[in-house]
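Have the structure open while you read.

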Amino acid sequence: SRAVIHKGQLRCVERPTAAGHVFRVYDDAGMHVKDAAVWFGGRDYAANGDGEILVPFTTDKGDHDVVLHRGERSGRSQFAHRVEEYALSSQCHVDREALIAGSTARLLVRPTLQLAGRAVSLVLLQKPELTIVATDVDGIATTQTVRDVKLVDQREYVHEFAVPSRLRHLTVRLSGTVRDLRGTDVPLATQATAFDLNGS
């Protein structure tokens, strides 16, 4: 009789980062194998000094098989290959009681930058701009653009502005660019946050 016996099977843990998919390979005892490699798409990806293996994002997302190997040991795994897709969103707040003509109001903006569905550092957002559009009861709009906004992860950005007279409608939008792995600047913008006043 014949039997196929698997010894020393390799497995991996994968996570998306700003640079691509990072793999860590483990043996059957749960020990991190720092000199393993990943074979994928006709190419061998070696581990760095920390034992992490970087596989770049793709333009054709989907589930794919990879081969984990170290010496004569190998194993197969599967991961969801993602595209390098960024998304910018924000939460905005202004105290409506402070929106009195001639007074100064504080606008709080807490942005979130995501890559492939995971939050990444706001440091990647270049040339951030905050656009505030104030519309009065006659429908006349005034636009204020705040350039080079200083954003910090996990903190609100605070902007103070003078409240115009007869204000009816206020919209806020954050925008900027990120540079992808090909060196292309990708424009991003949040959806406009609106604040209505004076019985609107």
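Let's begin with Glu52, which is buried, with a relative accessible area of 19%. For reference, buried means under 20% relative accessible area, exposed means over 50%, and partly exposed is what falls in between, using a 1.4 Å probe and protein chains only. Bear in mind that this is a predicted model, where local features need pLDDT of at least 70 and side-chain atom pairs count only at pLDDT 80 or more, while totals for chains, interfaces and linings use all residues. Residues are numbered from 1 along each chain as its sequence is written, and side-chain values use heavy atoms, with hydrogens and water left out.

So what does Glu52 pair with in a salt bridge? Its partner is Arg15, with the closest N and O atoms 3.3 Å apart. The pair ties together distant parts of the chain, 37 residues apart: Glu52 belongs to the loop between strand 4 (43–46) and strand 5 (53–55), and Arg15 to strand 1. Strands here are DSSP runs of E with at least two residues, helices are runs of H or I with at least four, and both are numbered from the N terminus. Arg15 itself is partly exposed, at a relative accessible area of 33%.

## More salt bridges

The structure holds nine salt bridges, each one a side-chain nitrogen of Lys or Arg within 4 Å of a carboxyl oxygen of Asp or Glu. As background, side chains of opposite charge can pair when their charged atoms come close.

Another of these joins Arg106 and Glu160, whose closest N and O atoms are 3.7 Å apart. This pair also links distant parts of the chain, with Arg106 in strand 9 and Glu160 in strand 13 (residues 157–162), 54 residues apart. Both ends are partly exposed: Arg106 has 45% relative accessibility and Glu160 has 47%. Then there's Arg179 with Asp185, where the closest N and O atoms are 2.9 Å apart. Arg179 is partly exposed at 46%, and Asp185 is partly exposed at 37%. Salt bridges with shared partners also join Arg15, Arg24 and Glu52 into one network.

Strand 1 (residues 11–16) pairs with strand 2 (residues 21–26) in the antiparallel sense, over six bridges; two strands pair if DSSP finds at least two bridges between them. Across this pairing, Glu14 stands opposite Phe23 in strand 2. The hairpin has four residues between its strands, and Gly20 takes a positive phi near 145°.

## Asp180 in its loop

Is Asp180 buried or exposed? It counts as buried, because its relative accessibility is 8%. You'll find Asp180 in the loop between strand 14 (167–179) and strand 15 (185–189).

The side chain of Asp180 has a polar atom 3.0 Å from the backbone nitrogen of Arg182 and one 2.8 Å from the backbone nitrogen of Thr184. Leaving aside neighbours within four places in sequence, Asp180 is in contact (heavy atoms within 4.5 Å) with Glu84 and Val186.

## Positive phi and exposed spots

Lys127 sits in strand 11 (residues 126–136) and counts as exposed at 65% relative accessibility. Asp148 lies in the loop between strand 12 (141–147) and strand 13, and counts as exposed at 53%.

Gly117, in the loop between strand 9 (104–115) and strand 10 (118–120), is exposed too, at 55% relative accessibility.

## The chain as a whole

Zoom out and the chain comes to zero helices and 16 strands. Its C-alpha atoms fill a box of roughly 90 × 30 × 30 Å along the principal axes.

Of the 200 residues, 37% count as buried. Among contacts with a separation of 6 or more, 56% come from residues 24 or more positions apart.

Conventions
A polar contact is a pair of N or O atoms within 3.5 Å; within protein, one must be able to donate a hydrogen and the other to accept it, and residues adjacent in sequence count only if both atoms are side-chain atoms.
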